[in-house]
Amino acid sequence: MSDDLHDDERIADDPPRHTFLWALLSGWLLSLEAWLRSHGGEALRIGIRFFWGAVAAVGLFLLVGPVLNPPLTLDDITSSASTATETWIARDFAADYTVDLADDGTLVVTVEERITAFFGDEVDERGIERVLATEYEGHALAPSGVSATLDGEPLDVGETATATRLTLDLDAGERLQGDHEFVLNYSLHHLAYETTDRATGEPVQLLEWDVFGASWPQGLAGLDVTVSLPDELDANLVRQPRGSLAWTIVGAGAWLTPEETSPDGRTDYAFSNDQNIPPNANAWFTVVFEPGSIVMPPQSPLFWVQTFGPLAPLAFLLVTLLLAIAARAVAWSDARGRPWFVARFEPPKGITPGLAAHILRAPHALELAESLDEMRHAPRKGNADAQHARLLAVGRAARRTGRLGNVPRALRLYADGPERALQLQRGLRRIPRGFVRDTFIAAPLALTLVQWGLVRQLSYQAPLAVVWWPVAFVAASTLIAAIVLALALTARPLTTEGALLKQHLRGIGVYAERTSLLERGTLREAVLPYAVLLAPPREAGGAITRRVETELGGPLPRRSWHTGDYLTGPRLAVRGLALLVAVGAIAVAAVLPNPFVGPDRYLAYTGDVPGSAWTQVESFAVSAELSRGDDGRAVLVATESLEVLFEEGSSLPPQLVRNWRSTVDGQDLELGIRSVSLDGDPVEFATETDGDTLAMRTALATPLAGLHEVRIEYTMASAAYATHAHPGGEIVDRVRWAALLDGWEYEYGGEDGLLDPLRVELRVPLELLDAATQAGWTTIDTDSAERAADWVHAVVPFGETSELGDGEAVLETLEREDGMLSRTIVLGQDEREGYPWELTVRDVGAMLDFPAGTFAGPDADALRATQAGTIWPVVASLALGGIGLALALLGLALLVRRGLPAAPPGVLRDALRWLAPALGVASFAVFVWLSMDVSADHPVVGPTGWACVAGLAGAGLALWLAWRKGSSAHEP
């Protein structure tokens, strides 16, 4: 082409402007590639590949090889007891810990260990080893001042350090026999750390140290430990120190009291053991200080390495991703042609429309371009039917072009064409080569293996990272590696020749735009097949469709342009609905809680609260009064008096935990704790939501033992809630007060499963009691079960009140003493009626129903919403399974009626291929969600199980109908 052109004929082709980051990163990559090429050839490339291969081998070893530094298992510990005599035995182990504050306020602990070691006749040992930790809770302990003596004589100490341990070798230089005394002195720093007190939930500073160190594979015959605190630290104790000794699951501990022989200015605490202990035991002391007692050092460098080191492969992968994107955008971008191009009215020589589509990366108009090219090369004269058929083919391809339903077909035709390889063969595109690309291929594979391996190895250890999501790390590293590999392997930039060809094709686009080529001229125009590749697909298809219909003299036959693999609107809707149903059901099952599952046991009965397993309720008495508040709400005020046995042996102060129902059917009862006292003195407490209840736990900072009285006052400021009456089903205002929730007999009961004494008292104004439609105790009276069976939870009605005068209150009481439970009705003049009563309970309390509107606060809308929340999952399960099976049976019926061997392409086959299986998957997901955490006899299991069976059966039948012989293999 001549360059002698007017400026107005030239169209500037400015290079793309890359962001500063991509340009910078790509520049680094290009410089690195140039440097590597200048310093090595094939040998260097092989070396780089070998390096990443070695990294991958390390990752593979971590992934499938043995666990490095595995924690001791129970078998390891128990088996060591049988080999205790094969090495030296500690007849006595005495350790004195002198705790002080340095000038900067940090903690320094001076340690003296006195070990009387016995070496048997068959033991070939020259000394002992002590292993000290050098990192603890993110602090560098910095052991210093190490010295030792053997039988009173100075001894050289060999030191071997690793990242987290210091091994001290106390070698006598000769074989030792019999008893020998080793004395080891050293200092440790920063043993204390900040944490949250498990007893009170408040921040504290904790000194908790295992006196045996990081490793103690010796047997032990005697132990003496002394901890000496300066008075300034002793004054800041939250509670007295504790000493503990354990081997496997067997252990014991004791709260420590100051020694009478403590020196001036210091307070000593000591504990000892004179029983034989097998190897690998643990002995530790725990000292809890008030916040601010000790100046804490910054976290050690090793802490940050241990914390975020496991994420290093993921970080490298992220950097690799950025570099790969930069390389794809800049270093591996298309070559530059001329700085300008001109409008073209002739097609490029030797370039088919299919090859042009791949150069332009325009898959959507490929079929239209090839149809136009076929018409252009067909004979102009000849069979009229053939010409008409070719014209129809062009019109149908044009009608499909750019439509959403044609995207799968267009992409398949684009991917299956031989032009992908032809571009490379003719030198129009190239595959980037070089050291950097090799790294982008090898590094993701190697680093992903390392990340997987690290996650697998660390799954056997205590998590070190501040944020530790193993599944997320594996998924993220895998995804990033896949993206980097795709960027590296699919890079096919244009060569200079390809760039010039692309400019030629863009010139045709300019010519077509200037001349309105798509709207004018003939369909046999030479550049028309190339012009449609440059226009927006939907616009090009519409223009060619109008021209074809003009030549045909009328519109294309309705839906004649639909092919078996063209997705019409209904087919797209069916597939979209299938995806929505399957993904939505799985998401619901994964995210939403099971509406039929409550807590297995209330927090008060589980013993999960630290210290709560060491309390036992010996007697229980509660007095409550129901009244109408000034705002019209039902108000219940209750006072509990409990005799609680606080037992010894807990490593934390024993705590009392109580639960009360706080919400019912989505309605808040506005439960609040007024006060908690112990032997008349107020104590700190904390509350938390536990299912539909509020849990209260005491926060005693100091341990106590023996029998104590706990008094709890609480209020339900909106005690009434809307519910359905039984029988009848009408909405009522119900007050259901449970003084003791279901399960209390297992936690509070005596030998016969019930508390003794037990007293539950409820006082109700007569005007309210007269307004109640039903009222009684929520418990089972075997003598009156028949008359109580028609009410919820077998409620025993209260006594008659017809003889009472206006304004009097009714006091109903349940009382158990000396094994006998009686029901007492206290009337205005203290008249009493008592009789034996057998109690088999769930909740112990009272239930009163009032006509709707009696109280302010009950919310019928919340009731209906809560009930809908428990009904819709079952309805959805039945609908999913039923519709799936019905759809498959309908498909079978239609095929039998039409006499077809298989479903033809269309909505029916998409429904059988996509929607029915999706409904089966959804019904299975919902069934697993609803049935996994409930008992096998739960009412929800039966209907959802049958729905799941129906859905899976429908999915299997539908897939068989859709994929049996006669189904098109080309239709997606």
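Begin by selecting serine 662, which is found in the loop between β22 (657-661) and β23 (663-664); helices (H or I, at least four residues) and strands (E, at least two) are DSSP runs, numbered from the N terminus. This is a predicted model, in which local features need pLDDT of at least 70 and side-chain atom pairs count only at pLDDT 80 or more, while totals for chains, interfaces and linings use all residues. Residues are numbered from 1 along each chain as its sequence is written, and side-chain values use heavy atoms, with hydrogens and water left out.

With a relative accessibility of 11%, serine 662 counts as buried, where buried means under 20% relative accessible area, exposed over 50% and partly exposed in between (1.4 Å probe, protein chains only). If its neighbours within four places in sequence are set aside, serine 662 is in contact (heavy atoms within 4.5 Å) with Gln667, Asp668, Leu669, Glu670, Leu671, Asp692, Thr693 and Leu694.

Now show the whole chain. The protein chain has 24 helices and 40 strands, and 47% of its 972 residues count as buried. Among contacts in the protein chain with a separation of 6 or more, 78% are between residues 24 or more positions apart.

Next, select Leu626, Leu636, Ile712, Trp737, Leu762 and Leu848, which touch the most other members of the largest nonpolar core, a set of 62 residues. A nonpolar core is here a set of buried Ala, Val, Leu, Ile, Met, Phe, Trp, Tyr and Cys residues joined through side-chain atoms within 4.5 Å. Strand β21 (residues 634-646) gives the most to this core, with six residues. Another core, of 60 residues, lies apart from it and has Ala95, Leu176, Leu184 and Leu256 among its members. Returning to isoleucine 712, and leaving aside its neighbours within four places in sequence, one finds it in contact with residues including Ala638, Leu642, Leu656, Trp660, Ile673, Val676 and Met696.

Turn then to the helices. Helix α7 (residues 353-360) and helix α14 (residues 496-515) pack at an angle of about 105 degrees, their axes 10 Å apart; axes are lines fitted to C-alpha atoms, for helices over the stretch in contact, and angles run from 0 to 180 degrees between N-to-C directions. That makes α7 roughly perpendicular to α14, a label covering 65 to 115 degrees, with angles under 35 counted as roughly parallel, over 145 as roughly antiparallel and the rest as oblique. At this packing, Ala356, Ile359 and Leu360 in α7 meet Gly498, Leu501, Lys502 and Leu505 in α14.

Leucine 368, in helix α8 (residues 366-377), is the next selection.

For the sheets, colour the seven strands that form an open sheet in the order β8-β7-β11-β3-β2-β14-β17, with mixed pairing; two strands pair if DSSP finds at least two bridges between them. β8 (153-155) and β17 (266-273) stand at the edges, each with a single partner strand, so one side of each has no neighbour in the sheet. Within the sheet, strand β2 (residues 89-101) and strand β3 (residues 107-119) run antiparallel and are joined by twelve bridges, and leucine 101 stands opposite leucine 107 in β3.

Six of the seven residues of strand β4 (residues 127-133) are buried, so β4 is largely enclosed by the rest of the structure; β4 pairs with strand β10 (residues 165-171) in the antiparallel sense over seven bridges, and glutamate 129 stands opposite aspartate 169 in β10. Of the six residues of strand β16 (residues 250-255), by contrast, the number buried is zero, so β16 lies largely in the open.

Finish at the hairpin that β15 and β16 form with two residues between them, where threonine 248 in the turn has a positive phi of about 55 degrees. Strand β15 (residues 242-247) runs antiparallel to β16, joined by six bridges, and arginine 242 has tryptophan 255 as its bridge partner in β16. Valine 250, also in strand β16, is exposed, with a relative accessible area of 56%.
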